[in-house]
Amino acid sequence: MLSTVIPIAYALVSLAFLLSFWRLLRGPDAPDRILALDTLYVNTIALLVLLGIHLGSAIYFEAALLIAMMGFVGTVALCKYLLRGDIIE
Amino acid sequence: MIDILLSLLILTGAIFTFIGSLGLARLRDFYTRLHGPTKATTLGVGCLLIASAVYFSVREEGVSLHEVLVTLFLFITAPVSAHLLAKAALHLRVKSLAPTPAPDTDTPAD
């Protein structure tokens, strides 16, 4: 059961990647592109968790945690730049 | 039994992740697009993380709590980043489908 579900989940998450990447390339405004980057890092966490279940290894959570923290910091820094024209005032 | 539960959780998580990105790609203005990833994707990743926590708790001795950390962090930061994105979009006057409210004037509305 699990061995049939995991490839389907991989396919769905990969399609989600492609859709967010399309928005990243297309996005008419800067906030759209930042939102696409935000979605891309959340999708990366999903893919890493799936990989962890598939390979039965718990190593990938540290990577997922790091990506979650760095992605949030990146989003906040980009938004701050758009809002104030500067990141650290 | 656990196998079926895990499969359901993984499938739900993957479908919600996909729907979130579909909303990001398909919806028509920035403020509606903001809904897709920040709600659906968070729920999708939450489901996947719960599935992973169940899987590693059953497979190894003891409860696996790494996932709870990622879930907690993601659930705290998603609304904050969505709020900042909306604020940046309002600051840049990104076009909206809904009519924008009139700016405050000195004369009170009747």
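This is a predicted model: local features need pLDDT of at least 70, side-chain atom pairs count only at pLDDT 80 or more; totals for chains, interfaces and linings use all residues.
Colleague: Is Ser52(B) buried or exposed?
Modeller: Ser52(B) is buried, because 28 other C-beta atoms lie within 10 Å. For the cut-offs, a residue is buried if 20 or more other C-beta atoms lie within 10 Å of its own, exposed if 12 or fewer, and partly exposed in between, with C-beta atoms placed from the backbone. Residues are numbered from 1 along each chain as its sequence is written, and chains are lettered from A and ligands numbered from 1 in the order in which they are written.

Colleague: Thanks! Which helix is Ser52(B) found in?
Modeller: Ser52(B) sits in helix 3 of chain B. Helices here are DSSP runs (H or I, at least four residues), as are strands (E, at least two), and they are numbered from the N terminus.

Colleague: And what is Ser52(B) in contact with, leaving aside its neighbours within four places in sequence?
Modeller: Val49(A), Gly52(A), Ile53(A) and Glu67(B). Two residues are in contact if their C-beta atoms, placed from the backbone, lie within 7 Å. There is also Ser64(B), 12 residues apart from Ser52(B) along the chain, with 8.8 Å between the C-alpha atoms.

Colleague: Let's zoom out. How many residues of chain B are in contact with chain A?
Modeller: 46 residues of chain B, which meet 44 residues of chain A. On the chain B side, helix 1, helix 2 (30-33), helix 3 (35-59) and helix 4 (66-91) each supply at least two residues. Helix 1 of chain B gives the largest share, 16 residues.

Colleague: What classes of residue are on that side of chain B?
Modeller: 29 nonpolar, 12 polar and 5 charged. Ala, Val, Leu, Ile, Met, Phe, Trp, Tyr, Cys and Pro count as nonpolar, Asp, Glu, Lys and Arg as charged, and the others, Gly among them, as polar.

Colleague: How do helix 1 of chain A and helix 1 of chain B cross?
Modeller: Both span residues 2-26, and their axes come within 8 Å and cross at roughly 15°. Axes are lines fitted to C-alpha atoms, for helices over the stretch in contact, and angles run from 0 to 180 degrees between N-to-C directions. The two helices are therefore roughly parallel to each other. By definition, angles under 35 degrees count as roughly parallel, over 145 as roughly antiparallel, 65 to 115 as roughly perpendicular and the rest as oblique.

Colleague: What about helix 3 of chain A and helix 4 of chain B?
Modeller: Their axes come within 9 Å and cross at roughly 15°, which means helix 3 of chain A is roughly parallel to helix 4 of chain B. The residues of that contact are 17 nonpolar, 5 polar and 2 charged.

Colleague: Which residues touch the most other members of the largest nonpolar core?
Modeller: Ile45(A), Ala46(A), Val49(A) and Leu48(B), in a core of 48 residues. A nonpolar core is a set of buried Ala, Val, Leu, Ile, Met, Phe, Trp, Tyr and Cys residues joined through C-beta atoms within 7 Å. Helix 2 of chain A gives the most to this core, with 11 residues.

Colleague: Last one: why does Arg93(B) count as exposed?
Modeller: Because Arg93(B) has 9 C-beta neighbours inside 10 Å. Arg93(B) is in the segment after helix 4 of chain B, and its phi is near 55°, a positive value in a residue other than glycine.
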